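Dear colleague,

Here is the structure I promised to hand over. Please have a look before reading my notes.

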Amino acid sequence: MIIKVENLHKSFGELEVLKGIDCEIAEREVVCVIGPSGSGKSTFLRCLNLLEGITSGKVIVNGHDLTDPKTDINKVRTEVGMVFQQFNLFPHMTALQNVTLAPVKGLGLPRDQVNQTALKLLEKVGLSDKAHVYPQNLSGGQMQRVAIARALAMNPRIMLFDEPTSALDPELVGEVLTVMKELAREGMTMVVVTHEMGFAREVADRVIFMDHGVIVEENTPQEIFTNPQNERTRAFLNMIL
Amino acid sequence: MVSGFNLDWGIAIYALPLLLGGIKLTIIITIAGLFFGFLLGAAAGLARTSKNKPLYGIATVYVEAIRGTPILVQALYLYFGVNQLLMQTINWKIESVPAGIIAIAINSGAYIAEIVRGAVQSIDKGQVEAGRSLGLSSFKTFYYVVWPQAFKRMIPPLGNQFIISLKDTSLFAFIAVGELLRQGQIVISATFAAFEIYTMVAVLYLAMTLSISTVLRFVEKRLDVS
Ligand SMILES: Nc1ncnc2c1ncn2[C@@H]1O[C@H](COP(=O)(O)OP(=O)(O)O)[C@@H](O)[C@H]1O
Ligand SMILES: [Mg+2]
């Protein structure tokens with residue numbers, strides 16, 4: 001298991017957002033997390049790379065115990081890529097510079113070698129012609145693809161996606177999902193918070209339904225979408241499908 | 001010309017070299033003062049964004065104390081007050097020009113601290129999250145991601161501070177700094193041509209501040225800040 005979560009609790013002050021999450025994710029598995037807004041999906045994802053501190057419980061990611069204070073969190077994060085809803089590209093850097101920053105300045109890899117890898121990654125996400133363009137001159141879909149390339153440049157073992165297409169105009173969603181499907185096909189371990197049920201159905205090995213800070217139900221997409229066991233799951237799916 | 005109202009612009013020829021000497025000092029004090037003021041302001045501004053309580057406290061006291069008192073009082077305090085203490089204890093005092101530079105540094109530092117704090121805090125926290133999620137340390141994230149973006153936003157208010165500090169140096173006429181205003185006053189005491197000389201002094205200040213704002217507008221356009 002490349003990710004192991006045991007009885008994870010997370011509170012913001014008085015507000016308990018995650019109320020005991022248990023979950024295991026295998027290598028090469030693609031897991032989609034669905035659920036109503038405010039149910040704790042983002043918080044759960046952000047606990048997996050410690051963008052949120054863990055209140056209690058155990059989280060093991062790629063062999064690192066995240067609750068152990070001795071764990072080098074920067075090292076863990078080089079192994080776990082993250083893609084945000086709002087892209088969060090660095091606006092003062094070109095697409096290529098966005099992709100090369102962390103390998104060069106973080107890992108200390110030689111710039112020439114990193115540039116080559118970065119150009120290949122931009123080509124992979126269909127943006128070889130945009131290497132020297134600044135984010136302000138890219139469409140949302142292009143920005144998100146650069147963000148994916150940027151995360152991949154660290155050669156991560158796991159990729160976390162937090163609603164990667166929610167901020168996109170509908171006609172731009174497809175190009176981002178295409179890149180993600182390709183990634184899944186290559187065997188990347190992926191945890192994807194999404195409202196794209198078509199993507200979940202087609203790509204996910206497993207779908208997790210979260211509500212009010214707990215995992216209510218998890219199953220294959222086939223089972224979840226055609227035969228949901230829990231009342232809350234049914235209500236949610238009825239609402240969005 | 002109206003009788004009894006004699007303007008003698010020939011005096012300008014005599015005064016100009018003296019006033020230019022004053023300008024030189026005005027510029028030196030402004031630039032040196034702002035250089036140190038920026039270092040001080042950057043440190044204090046970052047301390048004001050820090051979660052470290054003592055660091056935050058010290059920086060806040062500094063910023064409030066300086067912004068809450070007139071720069072003339074600060075300059076007099078340093079040159080006459082602190083110097084008296086220094087003379088009594090170590091028999092040494094800060095000369096007037098260094099005192100002027102220190103006064104500009106300390107004064108502008110407090111305002112620059114707020115400029116730096118505001119600019120740094122205006123950067124979207126998603127930028128920090130993106131940097132950290134790539135495994136960059138908090139220092140590297142700040143250095144490569146936050147600071148360059150924040151610095152760009154600082155340029156217009158820093159330019160404004162440049163103009164304010166340049167004008168503030170005129171107050172150092174009161175602590176015997178031979179800057180532009182003081183040089184003008186010296187010429188007036190010898191010639192009694194108050195109108196002509198004060199006109200020249202004002203025009204020279206205006207020429208300097210307009211030059212700064214012109215350069216600034218050019219830089220802002222080039223960097224596309226705003
Ligand atoms: N930094 C924070 N401080 C306080 N409350 C937060 C913070 N982040 C999220 N929350 C709260 O936690 C709950 C779950 O949020 P989130 O994980 O973003 O849900 P989801 O991604 O499922 O919409 C929400 O009620 C939200 O307001
Ligand atoms: Mg969310």
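Below are my notes on the ligand site, a surface patch and the salt bridges.

Keep in mind that this is a predicted model.

**Ligand 1**

Eleven names first. Ligand 1 is surrounded by A:Phe12, A:Leu15, A:Val17, A:Pro36, A:Ser37, A:Gly38, A:Ser39, A:Gly40, A:Lys41, A:Ser42 and A:Thr43. By class, that shell holds four nonpolar, six polar and one charged residues.

A backbone N or O atom of A:Gly38 sits 2.7 Å from an oxygen atom of ligand 1. For A:Ser39, a polar backbone atom is 3.2 Å from a ligand 1 oxygen. A:Gly40 also places a backbone N or O atom 3.0 Å from an oxygen atom of ligand 1. Taken alone, ligand 1 exposes 560 Å², and the protein buries 60% of that. Two elements of chain A give two or more residues to the shell: strand S2 (15-25) and helix H1 (41-47). The largest share, three residues, comes from H1(A).

**Surface patch**

A:Met239, A:Ile240 and A:Leu241 make a nonpolar surface patch of about 320 Å². A:Leu241 lies in the segment after helix H9 (231-240) of chain A. Is A:Leu241 buried or exposed? A:Leu241 has a relative accessible area of 55%, so it counts as exposed.

**Salt bridges**

Over all chains, the structure holds 16 salt bridges. Here are some of them.

A:Arg46 and A:Glu52 meet through their side chains, at 2.9 Å from N to O. A:Arg46 is buried, with a relative accessible area of 12%. A:Glu52 is buried too, at 15%. The cut-off for buried is under 20%.

A:Lys58 forms a salt bridge with A:Asp65, with the closest N and O atoms 3.3 Å apart. A:Lys58 counts as partly exposed, because its relative accessibility is 35%.

The pair A:Glu231 and A:Arg234 forms another salt bridge, the closest N and O atoms being 3.4 Å apart. How are these two placed in helix H9 of chain A? A:Glu231 and A:Arg234 are three residues apart there, so about one helical turn separates them. A:Glu231 counts as exposed, at 52% relative accessibility. A:Arg234 is partly exposed, with a relative accessible area of 33%.

Best regards

Definitions and conventions
Residues numbered from 1 in each chain as written. Chains lettered and ligands numbered in written order. Predicted model: local features only at pLDDT ≥ 70, side-chain atom pairs only at ≥ 80, totals over all residues. Heavy atoms only, no water. Near = heavy atom within 4 Å. Polar contact = N/O pair within 3.5 Å; in protein donor to acceptor, adjacent residues only side chain to side chain. Areas by Shrake-Rupley, 256 points an atom, 1.4 Å probe, with all protein chains shown as cover. Helix = DSSP H or I, 4+ residues; strand = E, 2+ residues; numbered from the N terminus. Nonpolar A, V, L, I, M, F, W, Y, C, P; charged D, E, K, R; others polar. Patch = residues over 30% accessible without salt bridge, like charges linked within 9 Å, V, L, I, M, F, W, Y side chains within 5 Å. Salt bridge = Lys/Arg side-chain N within 4 Å of Asp/Glu carboxyl O. Buried < 20%, exposed > 50% of the residue type's maximum accessible area, 1.4 Å probe, protein only.
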